[in-house]
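Trainee: I am new to this model and would like a close look at a single part of it.

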Amino acid sequence: MNALPTRKLEAWRYTDMRPLSAISFGEPPAVSATPELPDLPYPRMVFLNGALNTALSTSFAFAKPYAPFAVRGAQPMVLINAEHAKGGINIEIPAGQDAGELLLVSQASGAAPFAFHPRHRVKLGQGAKLTLIQLDKGEGTYWQNVVFEIEVEAGAKFQHFRLQQEGTEAFNTTTIHADIAGDAAYEHFTLTLGAKISRTEIEANLLGQTALAHLNAAQLLGGTQHGDFTTIIRHKAPNCPSRQTVKSVLAGRARGVFQGKIEVDQIAQKTDGYQMSQALLLSPEAEMDIKPELQIFADDVKCSHGATIGALDEEQVFYLRSRGIPEADARQILIRAFIEEALEPVAHDASKALFEDVLDSWWGRQ
Amino acid sequence: MLEIKNLHARIGDAEILKGVTLTIPDGEIHAIMGPNGAGKSTLSYVLSGRDGYEVTDGEVLFNGENILEMDPEDRAATGLFLAFQYPVELPGVGNANFLRTSLNAIRRKRGEDELDAVAFLKLARGAVKQLAMKEDFLKRNVNVGFSGGEKKRNEMLQMAILKPHLAILDETDSGLDIDALKIVAEGVNSLRDEKFSALIITHYQRLLDYIVPDMVHVLAGGKIVRSGPASLALELEASGYAGLEAA
Ligand SMILES: Nc1ncnc2c1ncn2[C@@H]1O[C@H](COP(=O)(O)OP(=O)(O)OP(=O)(O)O)[C@@H](O)[C@H]1O
Ligand SMILES: [Mg+2]
């Protein structure tokens, strides 16, 4: 197997994969249990331990058979995926087609540690549309190492909403590579609640004028969970907006990481980049690392970034309590309000409702 | 209704309240005046249960019940309401949602049925209109971007909806224009009955023209140094607080 990244690599400085390298992962076992699926009236592709389950899946007109396409990028996790991938979705939406929604579910479970490496490809032709709702769930010790190749052609719009709800012994590494053409949009939101260690790494290339990227995320972690959200946005054409709002809520001894890099090429004049990362530490042992990075080679650009790390404002808690709201509810209201800004750009009611539901029940578990 | 007996409270090492004694009978409205830093807001926070204040002596009975051991939310449920001198902004929290959560939390604690969204909105819209507030106040985030006067009106909106038995207004009149002042006064006067009392903290006689208090107290140096009828406020406006602290 290709080597796992170590903290000596700059991109992996804050995320230590040694707990993963200490485990020897076998092949995924067969699954008999039927997963609990959300009640959403959309076509679905359901993977159990990395294998497409046709009985649980429904037909989706634009799904092609899996083909082990060549991956781009040379990140360690991508190379490992290239070596081991056996399946994934392969979606092509023809030009001008509004393909509606698609649900992509990955459910994992097994007694002994195992690993699988989904390799997904999504391509939207000119002016096409797709909303992909992706759910990662599971129980037990396993490693899911996902690669996504995304191509959004001119004027197309791809909404990618993701809920990572793996069990707390799981490892989830997801690497997304998105090429976004002129006037096209890639709108991403990940809500991370699960896994022992998770990392979402997104590389978005804005290749034509007024291409748009939203890379938003919220992570709510407790116990000894570790969640890493790492992005690179490359502005390679003029007039492109990019937006990143990343909110981390960390309880117990959880650790959060956000690394966000914005590269602006010389020709990418009038770039409009916005990046905000905020963390709420609910306990003195929780920790957050934030590393924003701007590399700007054009001279007429607007790029703003900001980062804050803090605790809940006790004055706000008191204000709510003085109005009769019990302390636990007051704290939950403020945490929800804190996350709201990252969730707000999710312009899809059913997805938003799904996220709101799991957020509401997260608090009960803390 | 409210009996404060020999109340001593400190913040860290600083003793702020040095033996406050004050009784507000059912149905009465009392005013507290006094110099900056006298401890008026401290008294209001201690009464409503904010953390960070240590009560070293004395007691506070609200309808016969010692409230000093109660959580702030429980004090609110028993009918205590504080209109903050500096209302707190809650970004990301919608005003209507906040009000409804608050009203229903209190109703739940009192064993009453919760109001559904429709019934609540009807109630809230009525109150908004009465306070001559813009309708979009309910949709906005709590106090975020509100002008000083709008924040104070928002406190009055909460009071109108929560219908407390004891309202403490901490300088609600500061920063209000004349029209708003009258609206606030109407808000208080409309709650006036034998089951409602209020403690109005103010620096100005002006508000007391519209809400005529049953008594006026002067808090200085952490103690009530003088009490008298409504006319005391006029007297103070003319003479100031000079010499009172020593009394
Ligand atoms: N957190 C704190 N730590 C130390 N001292 C404090 C703290 N909060 C208030 N004080 C002090 O307590 C005293 C009383 O303050 P308080 O706010 O109760 O006064 P006030 O009578 O409401 O004044 P004002 O009329 O200006 O509103 C002041 O001297 C103030 O500086
Ligand atoms: Mg004050």
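Trainee: How many residues surround ligand 1, and which are the closest?

Mentor: This is a predicted model, in which local features need pLDDT of at least 70, side-chain atom pairs count only at pLDDT 80 or more, and totals for chains, interfaces and linings use all residues. Residues are numbered from 1 along each chain as its sequence is written, chains are lettered from A and ligands numbered from 1 in the order in which they are written, and side-chain values use heavy atoms, with hydrogens and water left out.

Ligand 1 is surrounded by 13 residues (each with a heavy atom within 4 Å of it); the closest are B:Gly37, B:Lys40, B:Ser41, B:Thr42 and B:His203. By class, this shell holds 4 nonpolar, 7 polar and 2 charged residues. Here Ala, Val, Leu, Ile, Met, Phe, Trp, Tyr, Cys and Pro count as nonpolar, Asp, Glu, Lys and Arg as charged, and the others, Gly among them, as polar. Helix H1 of chain B, residues 40-48, gives the most to the shell, with 3 residues; helices are DSSP runs of H or I, at least four residues, numbered from the N terminus.

Several backbone atoms lie by oxygen atoms of ligand 1. For B:Gly37, a polar backbone atom is 2.9 Å from a ligand oxygen. A backbone N or O atom of B:Gly39 is 3.0 Å from an oxygen of ligand 1, and for B:Ser41 the corresponding distance is 2.8 Å. Taken alone, ligand 1 exposes 640 Å², and the protein buries 58% of that; these accessible areas come from the Shrake-Rupley method with a 1.4 Å probe.

Terms used:
A polar contact is a pair of N or O atoms within 3.5 Å; within protein, one must be able to donate a hydrogen and the other to accept it, and residues adjacent in sequence count only if both atoms are side-chain atoms. Helices (H or I, at least four residues) and strands (E, at least two) are DSSP runs, numbered from the N terminus.
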